[in-house]
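Hello,

Here is the structure I promised to pass on. Please open it before reading my notes below.

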Amino acid sequence: MSHALSQKVLPKQAGALMSGTAKVTTYESTGGKTTQKFAQHNLSLIPAIKPGSIIHDNCAGSGTVSRLILSHQPDVKIHATDIDQPFLDALSSDAVTNSWPVETTNQRSEKTTFENDFFDYDITNIGVIFWTGAGLDGVKEVYRTLKPGGTALINCWQSITWMLPIMLVHKQFRGDVAFPAPPVNWTDGQQLKKVILEGGFKEEKLRLESQEVVSVIPEGEFRDWAEKTWAYLAGIGGWHQVDAERWDEEVDRLAEVLKQQPGTTIEGGNVSMKASQWIAVVEK
Ligand SMILES: C[S@@+](CC[C@H](N)C(=O)[O-])C[C@H]1O[C@@H](n2cnc3c(N)ncnc32)[C@H](O)[C@@H]1O
C-alpha cells in the first residue's frame with residue numbers, strides 16, 4: 001500500500017487549479033476571501049492611512065492589502081513584496097491597468113532591499129507563519145525598515161474550520177503518512193507576541209487581539225470551493241498516487257466533513273465556516 005502512496009506526483013486535477021495564474025484565482029476564491037476579511041478588519045483598527053504614506057504590503061500575494069488601502073486612500077506609495085511571482089504578476093498587471101501607485105518586487109520578507117526607517121506602515125496579512133526563525137527573522141526586518149512612530153499590522157491564524165477536515169481526508173485516503181504539522185503553534189497568540197517583542201518592538205506599544213470571521217459560500221458553489229481548497233492545501237501533505245486516482249471521492253468527502261464541523265453552519269442556501277486570527281497592532 002505505502003509504495004503507491006509514496007509517489008509525489010501532482011495530480012492533473014490539482015495541476016489545473018494550481019499552475020501559473022490558475023493558482024492565483026484558486027487562492028482568491030478560497031482562503032483569499034478570508035484573508036481579505038481579516039485585512040479589512042485590521043485596517044479599521046488604526047486611524048485612516050495618511051496621504052503621502054509609504055507602505056509595505058509584506059507577503060502581498062496578489063495585493064489583498066494594497067487593494068483595500070487604495071480603495072480608501074489613493075495618495076500613497078505601496079511597495080508590495082512576495083516570493084510567488086504569479087501573484088505579484090497579477091498585482092502589477094492590475095496596477096498598470098489602473099495606474100495604481102504600487103511597485104512589486106520579488107523578495108523574501110526576512111531580508112529586503114529597503115533602507116532603515118523607510119516605511120510609515122508595514123502590513124503583513126497572514127505571512128508571519130511562513131517566516132524563518134518561527135517568524136522572528138521577518139519581524140526583525142519589519143522593525144528595521146519601519147520609521148520610528150510607524151505602524152505594523154501583523155496577524156496569524158488562530159483557528160480555521162477547514163484545516164482539520166483536510167487532515168481527516170488526508171488520513172482516510174493516504175493512510176498513515178504524516179501530515180506535516182506547522183513547526184510552531186500559533187493558535188494562542190503567544191508565539192506572535194513573542195516574536196514581535198524579540199524583533200525589537202516594545203510591549204507598551206503593542207495591542208494584541210483576536211477576531212473571528214465567517215466565510216460564506218453559496219451551497220451550489222460549495223463543492224467547487226472544497227475542490228479548490230483541497231488543491232491548495234492537500235499538497236502540504238505531499239501529493240500521492242491515490243490523489244489522482246480518487247480525486248473526486250476525496251473532494252466529495254472533504255465537502256461532507258466540512259459540513260459536519262462545529263465551525264460550520266448551513267442556512268439560507270449558504271455554507272458558513274468560521275476562521276479566526278490573532279492581530280498585533282504595534283508601533284515602532
Ligand atoms: C496566505 S498568503 C497571504 C497573501 C496576502 N497577504 C493576502 O492577504 O491574501 C501568504 C503569502 O506569503 C508569501 N510568502 C511566504 N513566505 C514568504 C517569505 N519568506 N517572504 C515573502 N513572502 C512570503 C506567499 O508567497 C503568499 O503569497
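Predicted model: local features only at pLDDT ≥ 70, side-chain atom pairs only at ≥ 80, totals over all residues.

**Around the ligand**

The shell holds 17 residues. Y27, C59, T64, D82 and N125 come nearest. By class, seven of the shell residues are nonpolar, six are polar and four are charged.

- D82: an N or O atom of its side chain lies 2.6 Å from a ligand oxygen.
- C59: a polar backbone atom is 2.7 Å from a nitrogen of the ligand.
- T35: a polar side-chain atom sits 3.0 Å from an oxygen atom of the ligand.

How much of the ligand does the protein bury? On its own, the ligand exposes 600 Å². The protein buries 90% of that area.

**The annotated domain**

The UniProt record, an unreviewed entry, places "domain: Methyltransferase" at residues 57-150. In the model, that stretch is 35% helix and 27% strand.

Best wishes

Methods:
Residues numbered from 1 in each chain as written. Heavy atoms only, no water. Near = heavy atom within 4 Å. Polar contact = N/O pair within 3.5 Å; in protein donor to acceptor, adjacent residues only side chain to side chain. Areas by Shrake-Rupley, 256 points an atom, 1.4 Å probe, with all protein chains shown as cover. Nonpolar A, V, L, I, M, F, W, Y, C, P; charged D, E, K, R; others polar. UniProt positions renumbered as here; feature names shortened; annotations may be inferred. Helix = DSSP H or I, 4+ residues; strand = E, 2+ residues; numbered from the N terminus.
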